[in-house]
Amino acid sequence: MFDAVQEAYGLLDGPDADGESVRDALAGTGASVAVETITGDEGSTDFVTVEVPGSEADAPTLGVAGRLGGAGARPEEVGVVSDADGAIVALATALRLASMHDRGDVLPGTVRIGTHVCPDAPTKPHDPVPFMGSPVDTATMNAHEVDEGMDAVLSVDATKGNRVHCRRGFAITPTVKEGWLLRPSESLMDVQERVTGRPPSTLTVTMQDVTAYGNGVHHVNSILQPATATDAPVVGVATTSVNPVPGSGTGANYLPELAEATGFVVETAKEFTRGRASLYDEAEFDRLVSLYGPMNRLQMRGERE
């Protein structure tokens, strides 16, 4: 796993990093790769979509979204920034699953991985430390990283610019589905314990964190923005630190912990596509909706705008 993380880091390290380098790294494997360059008001980025096919057409499909503003903040900063963690883990997952597929370890279900590569993204103010901006908006990211064919989504995002989780490693969020903030998945905590050899680590999130960006309220970061674009259950995989670290800070990609996060995503893919893991209790969710009604209005920017 560590080798895959190192390779993914290398693909993002440099002013000329782009989606084509990812395509080249996965050329000749069983994975298919699509690259699309999107230009926004503050530059451009390459969206990369990797699909590792499963062996059974009716098996569950897992989506993996590598969330970030950019892998670099040039010319303000030189090198890979902390914010790149989401892309590193997503690409390392793709490299690992493609390698497994080629060796004959084919999962029953398909895994679709989406992220983007931008070596010169802008930065933006945020409390308590600056965030990375992005050449494109969240809706564009969601459109390229989440699709209707995903039965569940893991959203990986660097989550170090806060004071609500002061522990180095990675944490998982409670499950979010159609605006409902549900309890953490027992299945995924089992996987996390197995991968790390430690008790589960969960990230505190609030109702405002599950609402769509652009509504003027504080969000811990964009980790749960994919939940605004799908009815499938979404769990955030947050790479974390002891002290607040700016998204634009360099030298803050903790590779051993990124290897653990990658291992978690890969192991979840194994368990979920074989029907051994669930991100939420379906009966309990239906009970909540029957008692209190739908919460999908939280997936929109707001009815009073």
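Biologist: Which residues are linked with Glu51 in a network of salt bridges?

Modeller: Glu51, Arg112 and Asp147 are linked in such a network, where a salt bridge is a side-chain nitrogen of Lys or Arg within 4 Å of a carboxyl oxygen of Asp or Glu. Please keep in mind that this is a predicted model, in which local features need pLDDT of at least 70 and side-chain atom pairs count only at pLDDT 80 or more, while totals for chains, interfaces and linings use all residues. Residues are numbered from 1 along each chain as its sequence is written, and side-chain values use heavy atoms, with hydrogens and water left out.

Biologist: How many salt bridges does the structure hold?

Modeller: The structure holds 13 salt bridges. One of them joins Arg23 to Glu20, with the closest N and O atoms 3.0 Å apart. Both residues lie in helix H2 (residues 19–26), three residues apart, which is about one turn of the helix; helices (H or I, at least four residues) and strands (E, at least two) are DSSP runs numbered from the N terminus.

Biologist: What does the salt bridge of Asp85 with Lys160 tie together?

Modeller: The closest N and O atoms of Asp85 and Lys160 are 2.8 Å apart. Asp85 lies in helix H3 (residues 85–103) and Lys160 in the loop between strand E7 (152–158) and strand E8 (169–172), so the pair ties together parts that are 75 residues apart in sequence. Asp85 is buried, with a relative accessible area of 1%, and Lys160 is buried as well, at 3%.

Biologist: How should I read the crossing of H1 and H6?

Modeller: Axes are lines fitted to C-alpha atoms, for helices over the stretch in contact, and angles run from 0 to 180 degrees between N-to-C directions. Here the axes of helix H1 (residues 2–12) and helix H6 (residues 255–273) come within 9 Å and cross at roughly 110°. That makes H1 roughly perpendicular to H6, a term for angles of 65 to 115 degrees, whereas under 35 counts as roughly parallel, over 145 as roughly antiparallel and the rest as oblique.

Biologist: Which residues in H1 meet H6?

Modeller: Taking contact as heavy atoms within 4.5 Å, Phe2, Val5, Gln6 and Tyr9 in H1 meet Leu255, Pro256, Leu258, Ala259 and Thr262 in H6.

Methods. Buried < 20%, exposed > 50% of the residue type's maximum accessible area, 1.4 Å probe, protein only.
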